[in-house]
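Below is what I have open on the screen.

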Amino acid sequence: MAALEHLIDALRRLPGVGQKSAQRMAYHLLQHDRAGAQQLAAGLTAALAAVQTCSQCQGFAEAPICSVCSDASRDASLLAVVETPADQAVLERSGSYRGYYFVLGGRVSPIDGRGPREIGAEALLARAANSRVREVILATSFTAEGEATAYVLGEALKARGLSVTRLARGVPVGSELEFVDLGTLAHALADRR
């Protein structure tokens with residue numbers, strides 16, 4: 001059954017999906033949810049045809065310039081730097097940020113051979129050089145690679161006279177201290193206000 005194996009291999013491309021999970025998904029779609037499988041296929045086909053990269057922020061768009069970059073009511077003095085379009089979407093859903101974005105092509109990872117050039121640092125520096133940008137918010141993840149990315153980009157942006165800030169880290173809302181990891185708790189104490 002070459003078609004079934006092809007489907008399983010395609011599903012394995014998704015992050016966090018191994019052989020067994022891909023097999024379960026494929027069997028479920030084919031046995032119990034053929035309409036869902038058709039919807040998934042149509043959605044992927046439509047997205048591949050319509051979704052492109054915004055020429056200004058590098059995020060996802062269905063036009064040369066995305067709806068965020070074309071919104072003149074946003075605060076042009078703020079530029080948030082995120083790793084992925086998914087990170088941009090999360091910040092947008094929070095409703096607490098009204099500036100513009102720049103989406104990197106990942107994060108610095110010397111082990112994987114990705115330096116500032118591979119993640120679009122030059123395009124970021126060009127975008128941040130816009131005289132209206134006053135503050136660049138580094139909203140990269142708090143992994144070792146995310147921290148390295150924030151450091152490298154922060155130094156380059158500061159050298160150009162820009163104000164650079166980093167997302168705060170700390171105890172999640174609604175959590176109990178007993179269940180917070182020690183690293184998060186240490187940073188929350190150090191960065192208290």
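Which residue in E4 is the bridge partner of Leu79? I looked it up: Tyr100 in E4 is paired with Leu79 by a bridge. Before going on, I note that this is a predicted model.

**Entry 1: the sheet**

E3 and E4 run parallel, and five bridges join them. The two strands belong to an open sheet of four strands, and I wrote down the order as E4-E3-E5-E6, with parallel pairing. Which strands stand at the edges? They are strand E4 (99-103) and strand E6 (163-166); each has a single partner strand, so one side of each has no neighbour in the sheet. From one strand to the next, the twist averages 25°.

Next I checked what lies across the sheet. H4 lies across E3 and E4, and I noted an angle of about 160° to E4. Helix H5 (residues 121-128) lies across E3, E4 and strand E5 (135-138), and H5 also runs at about 160° to E4.

**Entry 2: Leu104**

I moved on to the loop between E4 and H5, where Leu104 lies. Is Leu104 buried or exposed? Its relative accessibility is 4%, which is why I put Leu104 down as buried; the cut-off for buried is under 20%. Leaving out neighbours within four places in sequence, I found Leu104 in contact with Val81, Val82, Glu83, Ile119, Leu124, Thr140, Thr149 and Leu153.

**Entry 3: Glu83**

Glu83 sits in the loop between strand E3 (75-82) and helix H4 (85-94). Glu83 counts as buried because its relative accessibility is 6%. Which side chain makes a polar contact with the side chain of Glu83? It is the side chain of Arg107, at 3.0 Å. Setting aside residues up to four places away in sequence, Glu83 touches Arg107 along with Val103, Leu104, Gly105, Gly106, Thr140, Ser141 and Gly146.

**Entry 4: Arg74**

I then went to the loop between strand E2 (60-61) and E3, which is the place of Arg74. Arg74 has a relative accessible area of 6%, so I logged Arg74 as buried. The side chains of Arg74 and Glu92 are joined by a polar contact of 2.6 Å. Beyond four places in sequence, Arg74 touches several residues, among them Val68, Glu92 and Tyr97. Tyr100, the bridge partner of Leu79, is also one of the residues that Arg74 touches.

**Entry 5: domains and record labels**

Last, I stepped back to the whole chain. I have domain 1 at 2-50 and domain 2 at 53-166. How many Å separate their centres? Taken over C-alpha atoms, the answer is 32 Å.

UniProt places "zinc finger region: C4-type" at residues 54-69. In the model, that stretch is 0% helix and 12% strand, with its end C-alpha atoms 8 Å apart. The UniProt annotation "domain: Toprim" covers residues 77-172. I got 34% helix and 20% strand for that span, and 28 Å between its end C-alpha atoms.

Methods:
Residues numbered from 1 in each chain as written. Predicted model: local features only at pLDDT ≥ 70, side-chain atom pairs only at ≥ 80, totals over all residues. Heavy atoms only, no water. Domains from an automatic or database assignment. UniProt positions renumbered as here; feature names shortened; annotations may be inferred. Buried < 20%, exposed > 50% of the residue type's maximum accessible area, 1.4 Å probe, protein only. Polar contact = N/O pair within 3.5 Å; in protein donor to acceptor, adjacent residues only side chain to side chain. Contact = heavy atoms within 4.5 Å. Pairing = 2+ DSSP bridges. Axes fitted to C-alpha atoms, helices over the stretch in contact; angles between N-to-C directions.
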